[in-house]
Amino acid sequence: MLRIASANVNGIRAAHRRGFGDWLATRGCDVIALQEVRAQASKLPDGAFGDFHVALETGTLPGRNGVAVLTRRPPVAVRTWSGAALLGAPDEALTSIPAEDRVPLARGLSRFVAEGRYLEVDLADAPVTIACLYLPKGGLPAHLQRPERMREAPDGGAKYARKMQFMDGFARYLTRTRRAAAAEGREFLLMGDLNIAHTRQDLAAWRRNQQTDGFLPEEREWLGQQLSPRTLVDVVRRLHPDEDGPYSWWSWLGQSFAKDAGWRIDYHLATPRLARSAVRAAVDREHEGTRLSDHSPVVVDYDWA
């Protein structure tokens, strides 16, 4: 059995103050993909990754982004878009290592290589490639921007265009790297915060959010295009086909968490054979009564032999 989790910690230091270290030590996971680590190596809290080996891509933007994959055994290989990663064992300092990608970077992704948005490892104890992604949040296209309804100043659709460029390039890249894993006899699992709620089941207040970034028709269509019974399967939706949610993100504001008025934007997308082995999926809404982040870990048990 492999217990694998994905968690946007929204800052590893803040998450530790809320109990992330105890969750890490007690949840029994074998692999954990983290997004929004938001700390350079020198700023990580003591024992940031517990008793796990870690592969970390911090990016170069202070206090932003950053992805990591935690494993029980050192990974066989680590790949990033920047060509380097940080690797560490429990109770040891992180070491910078070369981490060249194995497939060509798709057109449109070069502007994102230093942002710490993608990391890929090959597991040592199972023929599985784990990919961790933090997809840009984006924004609204210019024609939907109304200043009176926006918390930020209108940007003419710049953040929207940036997200769409990323998605366009990443779709091509995802096909290449999934096929590369298959050529090496490995299953492929993409996890992370995709900042898209795919269907009405994935967003509690879908009626009033149809012109909100993260639920725009073109974003939802893009995500649907990455999924099929022959390529990648939405594992949690496969295990929970008929229910709303389970949601994985709630605003800190108001009563959205108490009312479970959330979004499902954190995913496990697996190749078909691996997806079929999934037997349980859960969202850890709280740990000992405390939210670890505005996201909650999505934990899946894979009966993989």
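1. The largest nonpolar core of this predicted model has 36 residues, and those with the most contacts inside it are I4, I130, L189 and Y302. Strand β9, residues 128–134, supplies the largest share of this core, namely four residues. As general background, nonpolar side chains tend to be buried together in soluble globular proteins.

2. I4 shows what such a position looks like in detail. Leaving out residues up to four places away in sequence, I4 touches V31, I130, L189, M191, H268, V298, V299, V300 and Y302. Apart from the core described above lies another core, of 27 residues, among them W81, F112, A181 and Y267.

3. Eight strands form an open sheet with mixed pairing, in the order β7-β6-β3-β4-β2-β1-β14-β13. The edge strands, each pairing on one side only, are β7 (95–99) and β13 (278–283). From one strand to the next, the twist averages 20°.

4. Strand β4, residues 67–71, is mostly covered: five of its five residues are buried. V67, V69 and T71 point one way from the strand, A68 and L70 point the other way, and all are buried. A student can check both faces of β4 in the structure.

5. The neighbours of β4 can be given strand by strand. Strand β2 (residues 31–35) pairs with β4 in the antiparallel sense over five bridges, and L34 stands opposite A68. Strand β3 (residues 53–57) is also joined to β4 by five bridges and runs antiparallel to it. Here H53 has T71 as its bridge partner in β4.

6. There are 11 aromatic pairs in the count. F166 and F170 form a stacked pair, with 5.8 Å centre to centre and 15° between the planes. Because F166 and F170 are four residues apart in helix α3, they are separated by about one helical turn. F166 is buried, with a relative accessible area of 0%, and F170 is buried at 1%.

7. A pair with another geometry is W250 and F257, which is edge-to-face: 5.0 Å centre to centre and 85° between the planes. W250 counts as buried because its relative accessibility is 0%. F257 has a value of 12%, so it counts as buried too, the limit being under 20%.

8. F166 and F170 also belong to one aromatic cluster, together with W81, F112, Y118 and Y173. Two arginines should be noted beside the aromatic rings. R285 lies over the face of W250, at 5.0 Å from the ring centre. R291 lies over the face of W252, at 4.2 Å from the ring centre.

9. T177 has its place in helix α3, residues 158–183. Is T177 buried or exposed? T177 counts as buried because its relative accessibility is 0%. Not counting residues up to four places away in sequence, T177 touches R102, V103, Y118, E120 and F188.

10. L144 is found in the loop between β9 and α3. This residue counts as buried, because its relative accessibility is 13% and the limit is under 20%. Leaving aside neighbours within four places in sequence, L144 is in contact with Q211 and L216. L144 and T177 are 33 residues apart in sequence and 35 Å apart in space, C-alpha to C-alpha.

11. D122 is found in strand β8, residues 118–122. At 4% relative accessibility, D122 counts as buried. Which residues does D122 touch, not counting those up to four places away in sequence? They are P75, V76, A77, R79, R102, V128, T129, E184 and R186. S228 lies 106 residues from D122 along the chain, and the C-alpha atoms of D122 and S228 are separated by 23 Å.

Notes:
Residues numbered from 1 in each chain as written. Predicted model: local features only at pLDDT ≥ 70, side-chain atom pairs only at ≥ 80, totals over all residues. Heavy atoms only, no water. Core = buried A, V, L, I, M, F, W, Y, C linked by side-chain atoms within 4.5 Å. Buried < 20%, exposed > 50% of the residue type's maximum accessible area, 1.4 Å probe, protein only. Helix = DSSP H or I, 4+ residues; strand = E, 2+ residues; numbered from the N terminus. Contact = heavy atoms within 4.5 Å. Phe/Tyr/Trp six-rings, centres within 6.5 Å; stacked < 30°, edge-to-face > 60°. Lys NZ or Arg CZ within 6 Å of the ring centre and 35° of its normal. Pairing = 2+ DSSP bridges. Axes fitted to C-alpha atoms, helices over the stretch in contact; angles between N-to-C directions.
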